[in-house]
Amino acid sequence: MSRIRIAGAPISWGVCEVPGWGFQLEADRVLAEMRGVGVTATELGPDGFLPADAEELKSLLRKHDLACVGGFVPAVLHDAHHDPAHDLAGPLESLCAAGAGVVVLAAATGADGYDSRPVLDEDQWSTLLANLDRLAAIVAARGLLAVLHPHVGTMVETRADVDRVLAGSSIPLCLDTGHLLIGGTDPLELTKAVPSRIAHVHLKDVDAALAAKVQSGELSYTEAVKIGMYTPLGTGDVDIAGIVSVLRNNGFDGWYVLEQDTILDGEPCGEGPVGDVLASVTHLNAVTASA
């Protein structure tokens, strides 16, 4: 099989859209370290991390010899009085300017952070599903592909939520192996069940014992991230090799985005987060070489 395409994400360096998440590293450092470990593309990261000006953005990506694969766009989809196209407009312009191919939508709650979420009624679910297809059409009209990212602390978190999206919308999925597991879905089983609906991949490994404490309410999501719930690929409880094998055997040729959500207390001493990212790159290359 051909080599897979590996991208990075700023969240692996602790760069996140959640207010108060932790110390935020500068873009130049993140992008330089990303390219240094052999990653060839990046997702954009949160609003303000990379330049909003199209020419400045393209110049910065060229400086680090990185392509832009896509970007994570949280949007409130379930509120009939809110038009999520407004949430999409700015990020979509940046992604188009950067030559990206994928818009990674998440069904935001409307509150900051990912530690809790409300329960939707049937009307809110109908609104959410209709908005998914509407935003996917807006994105497609600009030549990009929209995918829906099941994510802890959003309106699409559990397997039941994922199944509602699969049945009620035509949007493909971003398979996030970590968020799925924490939300109660076996990511390998889902990959086997609906390979044709998977168009983008966020590869994470997870300490299942800490994930169980999030599920039980013993720890908040943020607390668990802070103490290391996400681990380098191959060191946690997600069957990364199995998932990659199923995807490749079903013809998946999209990007594998390495994501290991991290919270930094301050400026890292020594190498910082890049060591874990390098370990994940090394593991993924070994997995694909032996396939």
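Where is the place of Thr-40? Thr-40 is in the loop between α1 (27-36) and β2, where helices (H or I, at least four residues) and strands (E, at least two) are DSSP runs numbered from the N terminus.

The model before you is predicted: local features need pLDDT of at least 70, side-chain atom pairs count only at pLDDT 80 or more, and totals for chains, interfaces and linings use all residues. Residues are numbered from 1 along each chain as its sequence is written, and side-chain values use heavy atoms, with hydrogens and water left out.

Let me begin with the whole protein. The protein has eleven helices and ten strands. Its radius of gyration, taken over C-alpha atoms, is 18 Å, close to the 19 Å that the globule rule gives for 291 residues, so the protein is as compact as a globular protein of that length. That rule is 2.2 Å times the number of residues to the power 0.38. Along the principal axes, the C-alpha atoms fill a box of roughly 50 × 45 × 40 Å.

Of the 291 residues, 55% are buried; the term means under 20% relative accessible area, with exposed meaning over 50% and partly exposed in between (1.4 Å probe, protein chains only). The protein exposes about 12000 Å², of which carbon and sulfur atoms supply 51%; the areas come from the Shrake-Rupley method with a 1.4 Å probe, and for residues only the protein chains shown count as cover. Contact means heavy atoms within 4.5 Å. Among contacts between residues at least 6 apart in sequence, 81% join residues at least 24 apart.

I now return to Thr-40. Thr-40 counts as partly exposed, at 34% relative accessibility. Thr-40 and Ala-7 are 33 residues apart in sequence, yet 5.9 Å apart in space, C-alpha to C-alpha. Not counting residues up to four places away in sequence, Thr-40 touches Ile-6, Arg-35, Asp-65, Leu-66, Ala-67 and Trp-255.

Asp-65 is not a glycine, although it has a positive phi of about 55°. With a relative accessible area of 51%, Asp-65 is exposed.

Thr-42 lies in strand β2, residues 41-43. Is Thr-42 buried or exposed? Thr-42 is buried, its relative accessible area being 0%. Thr-42 and Val-69 are separated by 27 residues in sequence and by 5.8 Å in space, C-alpha to C-alpha. Leaving aside neighbours within four places in sequence, the contacts of Thr-42 include Ala-7, Leu-31, Leu-61 and Cys-68.

A disulfide is a covalent bond between the sulfur atoms of two cysteines; the criterion here is a pair of cysteine sulfur atoms within 2.5 Å. How many disulfides does this rule give? The count comes to zero. The sulfur of Cys-68 has its closest cysteine sulfur in Cys-96, at 10 Å, which is too far for a bond. Cys-68 is buried at 6% relative accessibility, whereas Cys-96 is partly exposed with a relative accessible area of 24%.

Next, helix α4, residues 122-141. At 1.5 Å a residue, its 20 residues should span 28 Å, and its end C-alpha atoms are 29 Å apart, which agrees; the expected span is 1.5 Å times one less than the number of residues. Among the buried residues of α4 are Trp-125, Leu-128, Leu-132 and Val-139. The buried residues of this helix pack against α3 (85-97), β4 (102-107), β5 (145-148) and α5 (159-168). At the start of α4, a side-chain oxygen of Asp-121 reaches to within 3.2 Å of the backbone nitrogen of Asp-123. Just after the helix, Gly-143 takes a positive phi of about 85°.

Finally, two further buried residues. His-202 lies in strand β7, residues 198-203, and is buried with a relative accessible area of 0%. A polar contact of 3.4 Å joins the side chains of His-202 and Asp-176; such a contact is a pair of N or O atoms within 3.5 Å, where within protein one must be able to donate a hydrogen and the other to accept it, and residues adjacent in sequence count only if both atoms are side-chain atoms. Other contacts of His-202 include Glu-43, His-149 and Glu-259.

Thr-262 is found in the loop between β10 (255-258) and α11 (274-290) and counts as buried at 16% relative accessibility. Its side chain reaches the backbone oxygen of Gln-260 at 2.8 Å.
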